[in-house]
Amino acid sequence: MTEEKKAKLKVAAKAPKLADPIAATIDTATQQMIVRAQQLGIDTVFDRAAQMKPCNIGLQGTCCKNCAMGPCRLPLPKGGIEGEDKRKGLCGATANTIAARNFLRMIASGAAAHSDHGRCVAEVFMSAARKETDAYQIKDTNKLIAVAEKLGVSATVEVDGETKDRDIDEIALEVAHKALNEWGKPEGELIYLSRAPQPLYEKWTKAGVKPRNIDREIVEIMHRTHIGVDQDYKNLMKQGARCALADGWGGSMLATDLQDIMFGTPYPLQSEANLGIMKEDHVNIIIHGHEPVLSEIIVAVSQRPDILKYAKSKGARGIQLGGICCTANEILQRHGVPSAGTFLQQELAIITGACDAMIVDIQCVFQNLANVAKCFHTKLITTHPIAKMEQENVMHIEFDEHHALEDAERIVKMAIDNFTNRGSEVMIPRQKATQIAGFGVESIQYHLGGTFRGTYYTLNDNIINGRIRGLAGVVGCNNARTRHNEAHIAVVKELIKNDVLVLTTGCNGIACAMEGLLTPESAGIYCGPGLKEVCETVGIPPVLHLGSCVDNSRILLAATEVIKAGGPWKDLCDIPAAGSAPEWMSEKAISIGQYFVSSGVYTVFGVTLPTTGAPVFHNFITKDMEKLYGGKWDIEPDPIKHAQLMIAHIDKKRKEMGIDKARERVLMTMEDRQAIER
Amino acid sequence: MSRLVAFAAIQGGYNIVSKVEGKYKKALETYNADTKVGFPNTAYYLPVIYSLLGIKVETLEDVKKPLDFARNLLPPHVKGHNHLPYLGPLLDAGMASLFAFEIEEALRYLEEPDFYLPSEEVDEDAGKIWLGAADDTVMRKRGVEFVDGSAPGFAAIVGAAPDPEKAKMIVEEYQRRSLYIFCAANQNGTTVIDQLREADVQVGWNTRIIPFGPDISSAIFALGFANRAAMAFGGVKPGDYKTILKYNKDRIFAFVNALGDVNAEWAAAAAGCINWGFPTIADTDIPEVLPTGICTYEHVVSNISHEEMVQKSVEVRGLKTTVSQIEIPCAFGPAYEGERVRGADLHSQAGGGKTQCAEYLKMADMNEIEDGKVIVEGPDVTDLKEGETFPLGIFMQVAGREMQEDFEPILERQTHHLINYIQGIMHIGQRDIAWVRISKAAVDKGFTMKDIGVVLHAKFHQDFSKILDKVQVTLFTKKQDVDKLTKQARAAYKHRDERVENMTDEDVETYYSCTLCQSFAPTHVCTVSPERTGLCGAYNWMDCKASFEINPTGPNQPIEKGEVLDPVLGQFAGVNDFIRKASRGAIDHYNFYSMVNDPMTTCGCCECIAAMLPSCNGIMTVHREYAGETPCGMKFTTLAGVMGGGASSPGFVGHSKFNITQRKFIVGDGGLLRMVWMPKSLKEELKERLEKRGKELGCPNLIDMIADETVGITEEEILPFLQEKGHPALSMDPLVG
């Protein structure tokens with residue numbers, strides 16, 4: 001072998017393995033951009049996934065690093081375990097204890113992420129209620145009054161024996177106090193638990209899992225999972241359920257409600273999705289993360305005539321905002337700002353070379369963005385005091401609600417100024433799809449019958465008559481260990497093909513939008529005949545985008561409305577419905593999954609669950625848990641089987657509710673009419 | 001595709017609202033803002049606007065608010081493939097159109113006061129064929145038929161059939177099924193009403209074919225009728241739009257038939273009707289909207305042939321209708337009950353002061369008669385010349401193991417409506433003052449006297465099979481036979497009257513409940529005792545007893561009256577227990593004989609409403625047919641609006657006309673001697689009985705002491721009259737306290 005050949009081989013051996021674009025994603029824009037990144041020699045999450053394997057023991061959930069005697073690693077033997085499971089850590093912790101503790105810590109982290117987001121919103125809400133800031137106001141007073149009622153805040157006041165409407169500012173202030181109190185109140189239970197159907201509330205009471213306050217349940221997880229505290233997986237999971245409920249029916253729900261009051265309750269609107277929304281001749285500002293508090297102001301500022309004029313003075317034709325992850329969903333739902341992409345596309349937005357600024361707040365933000373940004377002119381700006389990056393090219397402009405307008409203006413202007421620094425390496429993929437987004441509990445109700453007849457009963461009626469087979473909440477992240485968006489789209493298509501109406505949030509929502517599933521005309525292409533007919537009647541897409549991941553609380557409340565509107569069901573677990581997170585990756589997904597399960601929803605996860613190394617514990621959450629809450633976990637990486645599991649569950653519920661057979665047309669006689677309930 | 005419907009209807013909504021805004025602007029230029037607007041004789045203002053929005057439109061100025069509301073309700077247009085959801089917007093656009101239609105019609109009443117004929121019948125001679133809004137009297141009278149099931153629903157027909165024959169076929173099929181047919185709008189200037197007149201079909205409330213108006217806007221009268229029914233009988237509060245619309249969906253079986261091309265305005269109106277749960281069935285190929293939810297079943301069904309129209313319509317609405325299949329040459333059903341046989345149409349007649357006409361039903365032994373046998377004794381109609389009169393005796397003999405003598409008058413009373421049900425035959429009166437008019441049309445179709453017997457036999461079996469097994473009918477048309485029968489009958493009437501007359505509340509231990517109206521008035525429970533007949537006037541104690549025997553699980557249930565808690569006011573422990581249960585705790589007691597202290601509840605069906613007149617120390621009562629003002633400051637319709645819906649309202653009580661002269665009538669408050677005012681027509685109607693009862697009370701000229709509208713319509717106006725006449729109420733104990 002010549003020296004030259006040897007050198008060549010050496011280079012080949014050392015060259016890192018690159019992702020196969022086709023195998024990495026189903027989305028052509030993403031494929032193009034992976035190729036582009038590889039051409040430019042920039043590594044992306046797709047490449048890193050090809051280069052690094054996940055830890056097998058961590059994957060099983062059986063690695064314990066909760067004390068310095070470990071990490072204790074308890075992998076499940078290849079052939080499984082016959083007879084007694086003798087695996088234990090130094091302290092004697094069993095695989096069940098370890099997996100449960102890890103699982104709980106994921107819940108704690110996820111609940112903390114949602115709830116801390118909620119707290120931040122509540123604090124801004126307080127500033128708005130106190131009128132300490134001009135940037136935030138009470139925008140939706142109807143929602144304020146509705147939320148006030150749920151929080152036990154009176155919307156009326158007695159003056160000289162007369163009932164009068166109470167001052168809106170006064171209501172807002174009391175709502176702010178009541179809401180903020182939910183994070184750390186010393187006594188009682190979360191107020192919003194009473195929004196759940198009564199039988200579910202009773203189940204929680206019986207199981208002893210009603211959260212006391214939001215923070216406490218997270219703290220208690222950290223305590224109970226410390227070495228040598230709670231070492232009974234069943235008892236641990238009680239706390240897991242309680243903490244997750246504090247997220248779904250607490251932190252997340254409050255975040256959604258208070259955001260709606262300040263920023264407006266979403267109503268259906270038209271927008272677009274995918275990287276193709278970026279425009280070469282515009283200043284492109286990508287907003288990424290999860291909190292709408294800053295992004296709301298950026299949206300407002302970037303539409304101001306003086307700012308647009310400033311952009312034009314720099315040679316741009318305008319300002320194009322685009323969102324990634326749940327910040328995208330927040331500003332999409334309320335303002336129609338298009339989504340630039342999902343979680344896995346965040347690096348690619350910069351690689352277009354046309355991203356003049358990427359503004360990030362919290363959660364799901366790759367640290368590698370800084371490395372990618374280094375290769376372009378892109379300004380990467382962190383804005384949140386709890387979320388900074390170590391790399392030097394990252395700017396930190398700390399956002400403060402009291403100076404929100406100035407902060408936003410500074411950021412937008414910085415992006416505009418940066419427009420002129422663009423290099424010649426711009427390549428924006430052309431792909432983008434139209435989407436109809438902006439659904440929510442209130443707007444669905446309206447669209448099911450208008451101002452006068454709007455009620456979830458219209459939906460129920462079509463579930464009962466079988467046109468709609470059932471409901472599915474398909475949510476969650478992307479995961480670079482699976483083909484980007486493949487499972488999302490396959491699961492959703494299989495569901496709608498089988499007449500299951502899908503409610504989506506998070507990155508599943510963005511994935512569906514990119515695929516064109518959030519359009520009314522997709523109903524005619526992908527749906528079964530029943531769902532198609534209903535979609536055509538109401539004029540909706542078969543997949544309804546309900547927003548960000550804190551907005552999963554909207555799914556809980558929509559399901560509660562289904563119960564309230566009447567039908568054979570009394571509890572959430574009675575509805576022919578199922579939950580799914582086909583490409584989950586974050587700890588928030590585990591928290592969401594657990595609060596869905598604890599609320600009675602059969603919830604199927606794709607990819608894997610970090611519980612497989614502890615079969616007894618795994619069995620507990622995928623089987624026994626149903627007896628406690630009516631819902632349970634399941635795991636199925638194959639998307640078609642995944643959807644079929646959900647459909648089988650839906651069919652089971654239809655049978656239990658006696659709606660598995662075609663409904664007869666009842667011709668009413670006078671006697672029938674006299675027998676009508678009052 | 002629904003998108004096309006939504007597109008058209010929303011477009012239509014904009015057109016309609018804009019057009020009416022223009023008309024309103026013009027009206028404001030012509031009239032003062034405080035000019036009165038409204039529909040005739042109704043306490044419900046513009047009823048659709050009032051019922052759904054709670055807005056009372058009384059003057060031209062008041063129109064602005066609901067019209068602005070309609071404008072704001074108009075949704076964005078449906079745009080492109082990737083449109084926003086449109087079902088909610090579509091229904092809102094429909095609703096906006098209907099509000100605008102109601103305003104348009106109100107403006108028409110203002111600007112063309114003679115456009116509509118405020119009557120139950122058309123005036124062909126004067127060319128007045130459009131009746132416009134039903135007033136409250138008509139609404140209540142007809143509403144009762146919806147309550148008791150004699151009218152299962154209504155078909156709102158808009159447009160025109162391709163030809164008069166098809167129009168006639170459809171409408172007659174609805175009549176056979178006893179539905180009301182509400183007609184509005186035209187198709188290129190032709191209306192169904194024009195077509196029916198051309199085909200010699202009688203139109204008007206009496207034949208259940210109502211010519212509301214020639215434009216699509218007059219379809220609003222159908223919805224105004226339905227919503228008033230919800231308020232009057234269902235006790236739903238104005239402005240509670242959710243309950244009103246749900247009430248309509250669940251209890252009012254109405255639907256729209258769109259005949260001919262559907263334009264944007266029709267589409268908007270149809271969309272509006274979907275809010276009520278009233279679907280549209282069209283004969284043209286318009287886009288269908290099949291999924292359920294807002295309506296019970298489909299929302300829009302199209303391309304239905306005229307032959308299938310009726311069957312499909314009732315099916316889509318989820319309504320069961322029955323057609324009486326009786327072997328006679330004429331059509332038969334409740335829709336013909338009110339049909340007239342006018343002079344020009346008359347073939348021959350019996351009774352009516354020209355000859356004797358009597359009807360008598362008698363219980364017979366099982367062996368004595370032959371079931372289904374109809375004997376015609378004497379000449380038949382075919383033997384008569386046009387314009388001739390003849391005597392008639394209808395003798396019905398009924399046998400059955402469960403038959404009782406007490407049921408005789410109940411069965412006999414059916415004769416009136418059953419004979420009336422025959423198309424082309426008219427029956428007036430009862431007993432020995434009956435009057436039967438036979439039309440040329442009926443004779444042309446082959447009607448003979450025997451058919452009366454066939455109808456009575458068939459219907460008695462259908463409706464009373466629980467109590468009878470055999471029915472034989474003899475029709476006498478020779479004078480001596482008729483006179484003989486009349487003599488027998490009169491003896492029987494006397495015997496019956498005395499029995500009923502002398503029956504007292506103390507005589508019986510069992511009263512009967514009546515929840516017949518519960519499909520319409522869900523909270524109201526009537527209790528019927530021998531001396532307190534049902535407030536609708538339709539059911540006395542004996543009727544209830546028979547009804548219970550016929551249908552033991554039906555709306556009339558026996559109530560053991562139990563301990564007498566208050567003999568003066570008339571309160572009974574057993575009755576209290578029953579109403580507490582039946583009203584689900586809403587009402588736990590009431591008094592039979594008082595209107596001052598916790599009176600019986602009142603539904604919207606009552607014949608009369610009594611009210612206190614404190615300055616006269618007496619009471620007044622007013623019946624449904626009297627449309628004028630009364631001394632209590634309220635018209636009947638207003639009173640019924642205040643009282644109806646199952647409330648117990650001290651100071652007011654609903655009652656039947658007959659009850660006024662029953663001995664227990666408000667005896668706890670002083671009885672009939674308290675009566676200081678009644679409408680003249682009611683006094684006349686009850687003249688004989690009032691005189692008799694006055695005599696009993698030692699006040700033979702009581703009837704002359706009772707003031708009426710000719711004396712005055714305020715307490716101040718009538719008081720001097722009462723003083724002059726020395727009305728006994730003035731010297732009675734104070735009515736209150």
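Colleague: Is A:Lys131 buried, exposed or partly exposed?
Modeller: This is a predicted model, to be clear. In it A:Lys131 is partly exposed, because 13 other C-beta atoms lie within 10 Å, and the cut-off for exposed is 12 or fewer.
Colleague: Where does A:Lys131 lie?
Modeller: In the loop between helix 6 (95-129) and helix 7 (141-150) of chain A. A:Lys131 also has a positive phi of about 60 degrees, although it is not a glycine. Most residues other than glycine have a negative phi.
Colleague: And what about A:Cys325, buried or exposed?
Modeller: A:Cys325 is buried, with 30 other C-beta atoms within 10 Å. A:Cys325 has a positive phi of about 60 degrees too, without being a glycine, and its place is in helix 14 (residues 325-335) of chain A.
Colleague: New topic: how many residues of chain B are in contact with chain A?
Modeller: On chain B, 41 residues, which touch 40 residues of chain A. Helix 4 of chain B gives the largest share of chain B's side, six residues. By class, that side has 23 nonpolar, 12 polar and six charged residues.
Colleague: At what angle do helix 4 and helix 10 of chain B pack?
Modeller: At about 105 degrees, with their axes 7 Å apart, so helix 4 and helix 10 of chain B are roughly perpendicular to each other.

Methods: Residues are numbered from 1 along each chain as its sequence is written. Chains are lettered from A and ligands numbered from 1 in the order in which they are written. This is a predicted model: local features need pLDDT of at least 70, side-chain atom pairs count only at pLDDT 80 or more; totals for chains, interfaces and linings use all residues. Two residues are in contact if their C-beta atoms, placed from the backbone, lie within 7 Å. Helices (H or I, at least four residues) and strands (E, at least two) are DSSP runs, numbered from the N terminus. Ala, Val, Leu, Ile, Met, Phe, Trp, Tyr, Cys and Pro count as nonpolar, Asp, Glu, Lys and Arg as charged, and the others, Gly among them, as polar. Axes are lines fitted to C-alpha atoms, for helices over the stretch in contact, and angles run from 0 to 180 degrees between N-to-C directions. Angles under 35 degrees count as roughly parallel, over 145 as roughly antiparallel, 65 to 115 as roughly perpendicular and the rest as oblique. A residue is buried if 20 or more other C-beta atoms lie within 10 Å of its own, exposed if 12 or fewer, and partly exposed in between; C-beta atoms are placed from the backbone.
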